[in-house]
Amino acid sequence: MSSLAQPKKWEKLFWPVLASALFLALWHYTAVWTATKVFPSPLAVEKGLAELARKGLLWAYIGDSLRRVALGFAAAAALGIPLGLTLGWYPAANQTLNPLLQILRPISPIAWIPVAIILFGVGDATAVFLIFLGAFFPIVVACVSGVSNVPSVFRRAGRNFGLTPLQLLAKVIFPAALPQIIIGLRISLGIAWLVMVAAEMIAVDSGLGYLVIDARNSGKRYDLVVAAMLVIGVIGLALDLGFRRIRDIPSVRWGVRHES
Amino acid sequence: MERAAAGPKLSARHITTVFQSDGKSTPVLDDVNLEVGQGEFLCIVGPSGCGKSTLLSTIAGFLSPTSGEVRIDGEAVSGPDPRRIFVFQERGVFPWLTVEGNIEFGLFSLSRPERRQRVAHYIKMVGLEGFEKAYPAELSGGMKQRVEVARALAVNPDMLFLDEPFGALDSITRLIMRGELLRIWEAERNTIIFVTHDIDEAVQLGDRVAVMSDRPAKIQQIVDIDIPHPRDLSAPRYLELRNGIFKQLGLAHKV
């Protein structure tokens, strides 16, 4: 098949399914042939998942994790978007705060765990705070660059029609920067989902991250560890796919390149 | 061409502009003087990079001259104004709004029914019926240019500034758009200042053509185009005026 040829519909589905099936088979037979006592086979993981579902833990933990990510991500967006727009709008403010942001940005949220526990104690608030930290900086950076990349013709046209600075921000700058802001939101949602696992291992006793560490600590249940990993992967994929739909909205699509 | 007795619509006096960057100063406009009458269609031509666009941006209030002053209706220009709309090449159309949304953009102070009525009127005038809900990405260059002209006209400006508006269009679309612009101008009678590097375009459209020199630019000459519309592009008078401008710019019109 040439790389230029448009893949047929069944091919689009068939090859990924085949690859996944091969992976499962490889995993299964490796577990069987090496006769490992520690690492679970796919069937053991499936049984583990069923057990979690039966106990009612699966849905409760998924719900807890999603709730924490939603809170942390929403707080990051609610603070990060206005801050990013402001910094993009006032270059002087950006010059003042940018060094500080650039120092804070590369610090992994995991390094914040001790500080977060002092500030918020052990519990939900700490987990949410860590997720917030992971999501906040990419959102700010995307907004700043989104605003500063707005072509000057758009600003000029807005000013020409007599918009006040606030109207200009709402009607020209924000929509013009929106495609880039949405890319930033998508990246930071992915990071929030990653940080959730670490945060829940440390700060709380529910959720998918907690399930990973708890299954290992109480009885070395590696079937449950891998089951939790799979659930984290599948939900992470679902979140990303859901987010990608936003960029197909016509008032956003113009500015988003269609890469995967 | 009739001019208001009260004086010119626009007068630019001793406009001098020097750009500063990295400690180097580049003189762009050198003592430009210009008067434009009410309802006049003035074209400005000149070699590329000569400062035509700088002059137009200054007249529109986006740039302040280093010295000199622009007055419109006797009032000094200190910034852009919704009574005078600048039309860019089709790049100025907002890609996140539909055709309707773009044309409606400047009408936010009007009531909803009034907005509707204006949008419908100008969509019809520029021939975009059926494309009201389309986004700019779905339109051709010529159609986007019409959207931008309609957006400008919808706010009922008394002046239009057009900066090489048809420069990015193919030659057939460009000819059609020139005809459309003249038709609209004859209906609305706004004062139009039209910057172009295309001498034919200037002579086809303008009541007068201002010829600019190389940088730092002065206005070398203003040519009256005393041919009524519609203009015959093979008439001796048309060719004579056109060749005069080519000569003025020091261009041999032979290939």
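Okay, a quick definition before we start: a residue is buried if 20 or more other C-beta atoms lie within 10 Å of its own, exposed if 12 or fewer, and partly exposed in between, with the C-beta atoms placed from the backbone. By that count, 42% of the 255 residues of chain B are buried.

Some housekeeping. This is a predicted model, so local features need pLDDT of at least 70 and side-chain atom pairs count only at pLDDT 80 or more, while totals for chains, interfaces and linings use all residues. Residues are numbered from 1 along each chain as its sequence is written, and chains are lettered from A and ligands numbered from 1 in the order in which they are written.

So, chain B overall. Its secondary structure comes to 7 helices and 10 strands; those are DSSP runs numbered from the N terminus, H or I of at least four residues for helices, E of at least two for strands. Along the principal axes, the C-alpha atoms fill a box of roughly 50 × 45 × 45 Å.

Now look at the open sheet. Four strands run in the order β2-β1-β4-β5 of chain B, with antiparallel pairing, where two strands pair if DSSP finds at least two bridges between them. At the edges sit β2 (24-36) and β5 (75-76) of chain B, each pairing on one side only. Inside chain B, β1 (residues 10-21) and β4 (residues 67-72) pair antiparallel over 5 bridges, and Arg13(B) stands opposite Glu69(B) in β4(B).

Two aspartates here have backbone angles worth a look. Asp31(B), in strand β2 of chain B, has a positive phi near 55 degrees without being a glycine. Is Asp31(B) buried or partly exposed? Partly exposed, because it has 14 other C-beta atoms within 10 Å. Then there's Asp73(B), in the loop between β4 and β5 of chain B, with a positive phi of about 50 degrees, and again not a glycine. Asp73(B) has 15 C-beta neighbours inside 10 Å, so it counts as partly exposed too.

For a contrast, go to helix α4 (residues 141-154) of chain B, which holds Glu148(B). Why does Glu148(B) count as buried? Because it has 27 C-beta neighbours inside 10 Å.

Last stop, the cis peptide bonds. One joins Arg215(B) and Pro216(B), with omega about -10 degrees, and Pro216(B) is in the loop between β9 (208-212) and β10 (219-224) of chain B. Another joins His229(B) and Pro230(B), omega about -5 degrees; that proline, Pro230(B), is in the loop between β10 and α7 (236-248) of chain B.
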